[in-house]
Amino acid sequence: MKLIEKRVVLHFTGFEPLDGVAHRARYERSARQSAAVWGYSVETGPVDEGSDPVSFEVRTAERVAALVAGTVSPGWQTKSRIHMVDHDILVRKLRAGNTLSQIIAGFRSCAEIMFEGGMRGYFRHAWRFGLFFLFPFLLTALAIVLTAQIAIMPYGLGFSPWHMLWSGPLALCFFIFAFLPFSERFHTLHLFADWEMAVALGRMDRTDFNDWLEDRATAVRKALEEEADEYVISSHSMGSSVAAHVIGILLEREPEIFKGKRVMFTTLGSAILQCALMSSATLLRARVGLIARCPEISWLDVQCLTDSINFYKVPVVAVSGHEDAPQAKMILIRVKQMLTREHYRKIRKDQLRVHRQYVLGPDLQAPFDFTLLTSGPMPASVFADPDEKRMPA
């Protein structure tokens, strides 16, 4: 198998309050972990000046060079250009309002998803994802009911309505100083914004989002002009819906854009169906079909049983309405195989932390490693076969 000498990576990040520079710093930390586990050297370069999206170079190489006739053989070396296509600008926009406006927007998104059949689809295909959808809204609804009960408590006890002069402020203090800090343990308002973005990417009815996607498509098109042995388009969580839109836009404009290229489209803990199961998401589903039918693109869908924030064992292409198209190759991984027992025990109850493990560094050699997928010497296609080696012999 021919090793990769030069690779171009377009990584669409998940829904997190991190910009491209912060994602690069995380990548550098994860790459160092991976290199220590697998025994290779890695060098993560600085951010390219003026790059948009943020891009940087990663060089990996064989750590121990072999002695040949008194000289040092360089061994394998791989250079990867990483482009971090983050959507932090959208995350900040969705979180910019005050608490009340964020709660109202979140519940509006919840109602829209229910009305458009999204929730029904979640429970039909992945019931744990359905519970993930409902949890922040049920938690907040319960807090609102308790707040109202505290406010009207004097009336229920038969006291004078004047007593609500103290029960009202008490109820407000409960919601602001007790519930809101408690709810942040579960990232409630962040999840409200996540569902608001899901509606926007499904309906495609917000000009600001649509213009941003068009702008990202132009930037990605420029990045694809660089010559490489392999092109990896990876995406995590909500970033998979962004990637499907952006790559779909490029295929709509130029059906032959990938001709002559080896392209691996990899979705990690994909949330495409989070948006695509809405009845209005016709454009997103069409773009999923374009990607699946592109002969130059191989699609790997990396899923995890212990991650409730993905559609485990659900064929994303078929469920998006393209049963006759080539289906994504499902890769089933286990987080506990990537981490030490102690490390896994610390994070297993934090679902968002487990969900991030797809793009984080490992403690142990495992069937999946994000750094090797995007910067390693082997073609990304080796991750499609559990019997293939992740590193050269």
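**View A. Strand E3 in its surroundings.** Seven of the nine residues of E3 are buried, so the strand is largely enclosed by the rest of the structure. The model shown here and in every view below is predicted. On one side, E3 runs antiparallel to E2, joined to it by five bridges. Glu43 stands opposite Arg59 of E3 in this pairing. E3 also pairs with E6, again in the antiparallel sense, over eight bridges. Here Thr60 stands opposite Thr78 of E6. Helix H1 (residues 20-38) lies across E2, E3 (54-62) and E6 (77-85). Its direction is at about 165 degrees to E2.

**View B. The eight-stranded sheet.** The sheet is open, and its strands follow the order E2-E3-E6-E1-E7-E8-E9-E10. Pairing is mixed. E2 (40-44) and E10 (329-333) stand at the edges with a single partner strand each, so one side of each has no neighbour in the sheet. From one strand to the next, the twist averages 20 degrees. Strands of a sheet pair through backbone hydrogen bonds, in either the parallel or the antiparallel sense. E1 (residues 6-12) and E7 (residues 230-236) are a parallel case, with six bridges. Arg7 has Glu230 of E7 as its bridge partner.

View C. Ser375 lies in helix H16. Why does Ser375 count as buried? Its relative accessible area is 0%, and the cut-off for buried is under 20%. Leaving out residues up to four places away in sequence, Ser375 touches Arg7, Tyr27, Val58, Thr60, Thr78, Ser80 and Ile82. Ser375 and Val8 are 367 residues apart along the chain, yet their C-alpha atoms are separated by 9.1 Å.

**View D. Leu372 in helix H16.** Leu372 belongs to H16 (residues 370-375). Its relative accessibility is 2%, so Leu372 counts as buried. Which residues is Leu372 in contact with, leaving aside its neighbours within four places in sequence? They are Ser34, Trp38, Tyr40, Phe383, Arg390 and Met391. Gln357 is 15 residues from Leu372 along the chain, and 14 Å separates their C-alpha atoms.

**View E. Helix H4 and its two faces.** H4 spans residues 118-125, with Gly118, Gly121 and Tyr122 buried. Seen down the helix axis, these buried residues fall within an arc of 105 degrees, so they line one face of H4. The face turned away from the buried side carries Arg120 and Arg124, both exposed. What covers the buried residues of H4? The cover includes helices H3 (99-115), H5 (127-151), H8 (188-203) and H11 (272-276).

**View F. Phe129 between two ring partners.** A pair of aromatic rings is described by the distance of the centres and the angle of the planes. The structure holds 21 aromatic pairs. One of them, Phe129 with Phe132, is tilted: 5.4 Å centre to centre, with 55 degrees between the planes. Both residues lie in helix H5, three residues apart, or about one turn of the helix. Phe129 and Phe132 are both buried. Phe129 also pairs edge-to-face with Trp195, at 5.9 Å centre to centre and 70 degrees between the planes. This pair links distant parts of the chain, from Phe129 in H5 to Trp195 in H8, 66 residues apart. Phe129 has a relative accessible area of 0%. Trp195 also counts as buried, at 0% relative accessibility. Ring pairs extend the picture to a cluster of Phe107, Tyr122, Phe129, Phe132, Phe133, Phe137, Phe192, Trp195 and Phe311. Tyr122 is one of the buried residues of H4.

**View G. The nonpolar cores.** In soluble globular proteins, nonpolar side chains tend to be buried together. The largest nonpolar core here has 79 residues. Phe12, Trp195, Met197, Val220, Ile247, Phe258 and Trp299 touch the most other members. H8 gives the most to this core, with 10 residues. Ile247 touches Val220, Ile233, Phe258, Phe265, Ile291 and Ile297, not counting residues up to four places away in sequence. Another core, of 38 residues, lies apart from the largest one. Its members include Tyr27, Trp38, Ile333 and Phe368.

Technical notes. Residues are numbered from 1 along each chain as its sequence is written. This is a predicted model: local features need pLDDT of at least 70, side-chain atom pairs count only at pLDDT 80 or more; totals for chains, interfaces and linings use all residues. Side-chain values use heavy atoms; hydrogens and water are left out. Buried means under 20% relative accessible area, exposed over 50%, partly exposed in between (1.4 Å probe, protein chains only). Helices (H or I, at least four residues) and strands (E, at least two) are DSSP runs, numbered from the N terminus. The arc is that of the directions from the helix axis to the C-beta atoms. Contact means heavy atoms within 4.5 Å. Two strands pair if DSSP finds at least two bridges between them. Axes are lines fitted to C-alpha atoms, for helices over the stretch in contact, and angles run from 0 to 180 degrees between N-to-C directions. A nonpolar core is a set of buried Ala, Val, Leu, Ile, Met, Phe, Trp, Tyr and Cys residues joined through side-chain atoms within 4.5 Å. Rings of Phe, Tyr and Trp (its six-membered ring) pair if their centres lie within 6.5 Å; planes under 30 degrees apart count as stacked, over 60 as edge-to-face and the rest as tilted.
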